[in-house]
Amino acid sequence: MATQHSRSAARLMMAPAVILLLGWMLLPLTMTLVLSFKKYLPLRGGDLGWVGFDNYVRFVSSSAFWPAVTTTLIVVGGVLIITVALGVLLALLLDQPMWGQGIVRILVIAPFFVMPTVSGLVWKNMFMDPVNGFFAHLSKAFGAEPIQWLSQASLPSLIMIISWQWLPFATLILLTAIQSLDSEQVEAAEMDGAGAISRFRFIVLPHLARAMTVVVLIQTIFLLSVFAEIFVTTAGAFGTKTLTYLIFQRVLESQNVGLGSAGGVYAIILANLVALFLMRVVGKNLDA
Amino acid sequence: MARTVTTHRKILTTLLAWAVGLLIFFPIFWIIVLSFKSEGDAIKTPIQVLLSAWSFDNYATVQERSDYFKHFSNSVLISLGSTFLGILIAVPAAWSMAFVPSKRTRGILMWMLSTKMLPAVGVLYPIYIGFIRLGLLDTRLGLVLILMLINLPIIVWMLYTYFKEIPVEILEAARMDGARLREELLYVLTPMAIPGIASTILLNVILAWNEAFWTLNLTAAKAAPLTAFIASYSSPEGLFYAKLSAASVMAIAPILIMGWFSQKQLVRGLTFGAVK
């Protein structure tokens with residue numbers, strides 16, 4: 001049905017979206033790339049000339065770099081493990097027959113719709129505050145000393161806040177996947193004498209593998225750029241400075257734009273590595 | 001054959017699921033409670049909090065002290081504006097890719113997706129300085145543009161997967177009956193496309209409402225939407241739990257309600273059609 005005429009019309013219809021995204025991608029990216037090879041300090045002299053790969057070397061060799069990498073890995077890894085593991089369990093639970101399933105589902109997915117600054121501040125003040133927080137009251141009720149959550153256990157606290165936000169996402173996607181499972185297959189296995197655990201191990205889990213991959217990849221991309229939760233809780237103190245936060249501080253707080261841009265290029269490369277895997281999974285779906 | 005489930009087991013699952021659901025929902029429930037308490041009562045022990053007097057005072061105070069509705073309307077304008085602008089640009093693109101696919105369609109779709117993976121912090125300075133030069137810093141127009149751009153790939157993708165499901169045969173049948181292109185669009189395709197477009201709008205309003213990197217970095221007092229306004233509570237003076245709760249409840253309520261209606265679309269939109 002595609003004539004020459006409709007082909008050129010199609011191209012015309014695509015043009016605005018393609019041109020906008022191309023511009024959005026290329027312009028800032030080129031600028032970041034150019035800046036990363038310069039000594040550029042807007043508040044202290046501005047453009048101080050080309051410095052080759054100096055920024056790239058300095059970004060990696062600064063004392064803040066490896067701690068930031070470690071923090072990033074711990075946060076992303078911690079949240080992934082918690083959300084995927086609990087997500088599978090929750091999805092299995094929600095798939096069972098029960099009363100009020102719709103309402104329970106609503107309760108479970110609610111945190112996903114809470115804006116990051118609200119969840120960060122609510123957890124920080126109303127729950128983790130060592131004097132007036134809910135957890136502090138709870139500890140005192142049991143006669144225990146309240147924990148200084150965000151200073152003494154900063155990373156676990158941060159992981160907990162972010163996991164609370166992302167658990168609904170994992171659960172919802174895994175639940176959708178479970179519900180597409182062929183129930184006859186499960187029944188057949190049951191009749192053949194397969195127990196609950198082996199049914200889970202050999203039928204449900206393999207069926208969920210693809211959905212789990214999608215959850216891991218998409219969450220990784222979002223988690224690598226977690227920002228607001230750190231911004232409003234610790235502002236990068238107490239070892240919660242992730243790579244994203246470190247770059248933000250270099251660029252906007254200390255206004256060392258060249259150095260921050262080199263960090264930005266590292267972040268882009270890192271995200272693209274993850275994206276490559278995600279695109280393969282999503283791309284397969286396009287052929288189907 | 002339906003699987004038979006004993007009532008005994010159903011009771012147990014129900015209890016367990018409700019317990020877990022309430023536990024996860026608890027932080028939201030708790031700020032709703034605190035938002036109706038006085039500041040003095042809000043920091044008491046949980047039992048005392050529940051037993052203390054209820055009032056709507058905080059909601060009034062938040063509005064009086066900080067012009068809450070200015071930020072609320074900023075949020076509404078920015079999320080709706082960016083979504084509708086995005087839809088306007090994405091519908092023709094998704095339409096042509098779904099109905100007149102070429103060899104390059106797949107490549108273009110994947111490339112669009114890849115622009116979504118660009119970490120915002122990597123282009124923070126160019127955007128920031130560009131905004132200053134163009135006079136867009138701390139303007140609602142600036143945020144509408146940025147949020148439209150970051151969500152455009154998702155909008156195109158979602159629309160594409162929905163349009164893909166419209167059977168082409170129906171078009172051919174309409175053509176056989178002598179329908180012209182305009183009639184074809186108006187009476188045949190549009191009604192079938194509307195549910196998909198509505199879902200896409202819903203999800204993208206939610207995403208834009210909650211976006212908290214660009215809104216925090218590109219706004220100050222004037223154009224700040226609720227994400228940035230709430231963040232100003234991170235350096236509080238004096239007692240503020242009840243007021244923070246009231247501000248938070250108002251900020252998340254509209255999106256919670258929209259979100260509950262969009263569970264299905266959420267899965268589809270955020271997995272780029274990989275899980276349906």
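A residue is buried here if 20 or more other C-beta atoms lie within 10 Å of its own. I keep that cut-off at hand for these entries, and I note that the model is a predicted one.

**Entry: helix α6 of chain A**

I started with α6(A), which spans residues 134–141. Which of its residues are buried? I found Phe134(A), Ala136(A) and His137(A). Looking down the axis of α6(A), I saw these buried residues fall within an arc of 165°, so they line one face of the helix.

Next I asked what covers the buried residues of α6(A). After α6(A) comes Gly143(A), and I noted its positive phi, near 75°.

**Entry: Ile159(A)**

I then moved to helix α8 of chain A, residues 154–179, where Ile159(A) lies. Is Ile159(A) buried or exposed? It has 21 C-beta neighbours inside 10 Å, so I count it as buried. Setting aside neighbours within four places in sequence, I list its contacts as Val75(A), Gly78(A), Val79(A) and Ile82(A). I also checked Val76(A): it is 83 residues from Ile159(A) along the chain, yet their C-alpha atoms are separated by 8.2 Å.

**Entry: where the chains touch**

Last, I looked up the contact between chains, which takes 86 residues from chain A and 83 residues from chain B. On the chain B side, α1(B) gives the most, with 16 residues. I sorted that side of chain B into 63 nonpolar, 17 polar and three charged residues.

Key. Residues numbered from 1 in each chain as written. Chains lettered and ligands numbered in written order. Predicted model: local features only at pLDDT ≥ 70, side-chain atom pairs only at ≥ 80, totals over all residues. Buried ≥ 20, exposed ≤ 12 C-beta atoms within 10 Å, placed from the backbone. Helix = DSSP H or I, 4+ residues; strand = E, 2+ residues; numbered from the N terminus. Arc of directions from axis to C-beta. Contact = placed C-beta atoms within 7 Å. Nonpolar A, V, L, I, M, F, W, Y, C, P; charged D, E, K, R; others polar.
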